[in-house]
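Here is a short report for a reader meeting this structure for the first time. Please look at the sequence and the model before reading on.

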Amino acid sequence: MTGGSGGDGAGLGVLGVDIGGTKVALRAEQVAAAPRRVAAGPAEVPRAGEGRAAPTVGGRAYERVLTWPGGGVDADVAALADAVGALRAESGLRFAAVGVAMPGTTGPTGRVVVWPGRPSWAGLPFDETLRRLFPGSRTAWADDGDLAALAEARHLGAQDVVYLGVGTGVGGGVVLGGRALPTPGRGSPEVGHLVVDVDGPRCDCGRHGCLQAVASGPATLRRAGAARGGEVGFGELRDGLERGRPWAHDAVRPAATALAAAVVSLGELLDPAVAVLGGGFAAGLPGFVDLVGREVVRLARPGRPAPAVRAAALGGLSSLHGAVALARDLAAPH
């Protein structure tokens with residue numbers, strides 16, 4: 001679609017949309033610059049520290065979280081449209097540019113090829129859907145892990161970072177020399193599909209032993225339920241960890257070890273200075289990042305220090321802030 005609007009910038013904003021397997025987070029911010037008219041599509045993720053920033057106006061931000069209603073892709077898109085409309089009405093902003101963090105795989109024509117987190121999205125014309133949702137706006141999307149990695153790298157002021165986000169699945173991104181890898185057009189790092197246990201549980205992708213089959217939120221909650229003898233929710237798991245319940249620690253430790261194995265392996269290949277651990281599930285579990293850090297130290301080999309493990313400075317909102325940064329880059333004067 002072609003996008004952009006005229007005017008003097010009054011009431012002009014940018015919108016970041018972080019699409020997840022169970023929910024969507026939206027953040028609108030006011031800006032003063034109008035974007036170019038450019039077709040929607042997948043974006044080249046900007047270099048860390050070098051993105052063009054659209055000037056802010058007043059510093060006001062508006063946020064909204066949508067939980068997917070169920071019922072398939074049509075119901076999802078309708079619910080997203082309602083959430084966007086509500087945020088537009090609340091903020092009074094006209095969205096000049098929209099950046100979207102998208103975990104599903106899209107093909108060259110802009111259709112969703114596969115997304116295990118929302119299988120009904122396969123075949124969805126994602127670019128056309130964005131055109132319908134955001135008429136008059138310039139839109140672009142990028143992998144959620146790539147955007148999270150760039151947002152965290154910018155926040156740290158670091159050039160070499162690996163990012164792992166733990167939520168409904170496990171995503172991630174790699175920043176080397178300030179740039180997301182691999183280069184545009186070659187896909188994104190599928191950190192969640194690193195094989196960490198060849199005899200491990202079956203992943204949504206069909207393979208056994210993927211990182212997200214062991215370390216994702218649902219995988220950890222399943223272990224907690226099996227250890228406790230009944231279904232366990234996230235709040236119960238968090239409380240169990242805080243109270244030192246053995247079943248909670250037994251459920252969490254395999255996730256921490258699997259993530260540590262991935263960090264050590266990425267360190268062997270890429271030698272980043274920092275591994276950032278984020279995502280809503282990881283951010284909400286007390287002591288989880290420290291546990292992963294200790295496991296990384298245990299698994300590292302002599303003469304090859306493993307990356308330092310840090311909690312995401314942006315918490316579970318790394319991808320959302322990356323999406324906003326992408327929108328600001330679109331809205332900046334060129």
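The sections below cover strands, helices, salt bridges and cysteines in this predicted model.

## The five-stranded sheet

Start with an open sheet of five strands. Its order is E11-E10-E9-E12-E13, and its pairing is mixed. Two strands stand at the edges: E11, residues 179-181, and E13, residues 308-311. Each of these has a single partner strand, so one side of each is left without a neighbour in the sheet. On average, neighbouring strands here are turned by 30 degrees against each other, direction ignored.

Within this sheet, look at E9 and E10. Strand E9 covers residues 161-166, and strand E10 covers residues 170-176. The two run antiparallel and are joined by six bridges.

Helix H9, residues 288-299, lies across strand E12 (274-278) and E13. H9 runs at about 175 degrees to E13.

## The E1-E2 hairpin

Now go to the start of the chain. Strand E1 spans residues 12-19 and pairs with E2 in the antiparallel sense. Seven bridges hold this pairing. A hairpin of three residues joins E1 to E2. Leu 15 has Ala 28, in E2, as its bridge partner.

How many residues of strand E2 are buried? Seven of the nine are, so E2 (residues 23-31) is largely enclosed by the rest of the structure.

Helix H10 runs over residues 318-331 and contains Leu 326. Leu 326 is buried, because its relative accessibility is 2%, under the 20% limit. In sequence, Leu 326 and Thr 139 are 187 residues apart. In space, their C-alpha atoms are 9.3 Å apart.

H10 also connects to E2. Arg 328 and Glu 29 meet in a salt bridge through their side chains, at 2.6 Å from N to O. Arg 328 lies in helix H10 and Glu 29 in strand E2, so the pair ties together parts that are 299 residues apart in sequence.

How many salt bridges does the structure hold? There are ten. Side chains of opposite charge can pair when their charged atoms come close.

Glu 268 takes part in a salt bridge with Arg 301, at 2.8 Å from N to O. This pair links distant parts of the chain, 33 residues apart. Glu 268 is in helix H7 (residues 246-270), while Arg 301 is in the loop between H9 and E13. Arg 301 is partly exposed at 46% relative accessible area. Glu 268 is partly exposed too, at 31%.

Glu 268 also forms a salt bridge with Arg 304, where the closest N and O atoms are 3.7 Å apart. Glu 268 sits in helix H7 and Arg 304 in the loop between H9 and E13, so this pair ties together parts 36 residues apart in sequence. Arg 304 is partly exposed, with a relative accessible area of 25%. Elsewhere, salt bridges that share partners join Arg 27, Glu 29, Glu 63 and Arg 328 into one network.

## Cysteines without a disulfide

A disulfide is a covalent bond between the sulfur atoms of two cysteines. How many disulfides does a search of the whole structure find? The search finds zero. Cys 203 is in no disulfide, and its nearest cysteine sulfur belongs to Cys 205, 3.8 Å away.

Is each cysteine buried or partly exposed? Cys 203 is buried, with a relative accessible area of 1%. Cys 205 counts as partly exposed, at 41% relative accessibility.

Technical notes:
Residues are numbered from 1 along each chain as its sequence is written. This is a predicted model: local features need pLDDT of at least 70, side-chain atom pairs count only at pLDDT 80 or more; totals for chains, interfaces and linings use all residues. Side-chain values use heavy atoms; hydrogens and water are left out. Helices (H or I, at least four residues) and strands (E, at least two) are DSSP runs, numbered from the N terminus. Buried means under 20% relative accessible area, exposed over 50%, partly exposed in between (1.4 Å probe, protein chains only). Two strands pair if DSSP finds at least two bridges between them. Axes are lines fitted to C-alpha atoms, for helices over the stretch in contact, and angles run from 0 to 180 degrees between N-to-C directions. Contact means heavy atoms within 4.5 Å. A disulfide is a pair of cysteine sulfur atoms within 2.5 Å. A salt bridge is a side-chain nitrogen of Lys or Arg within 4 Å of a carboxyl oxygen of Asp or Glu.
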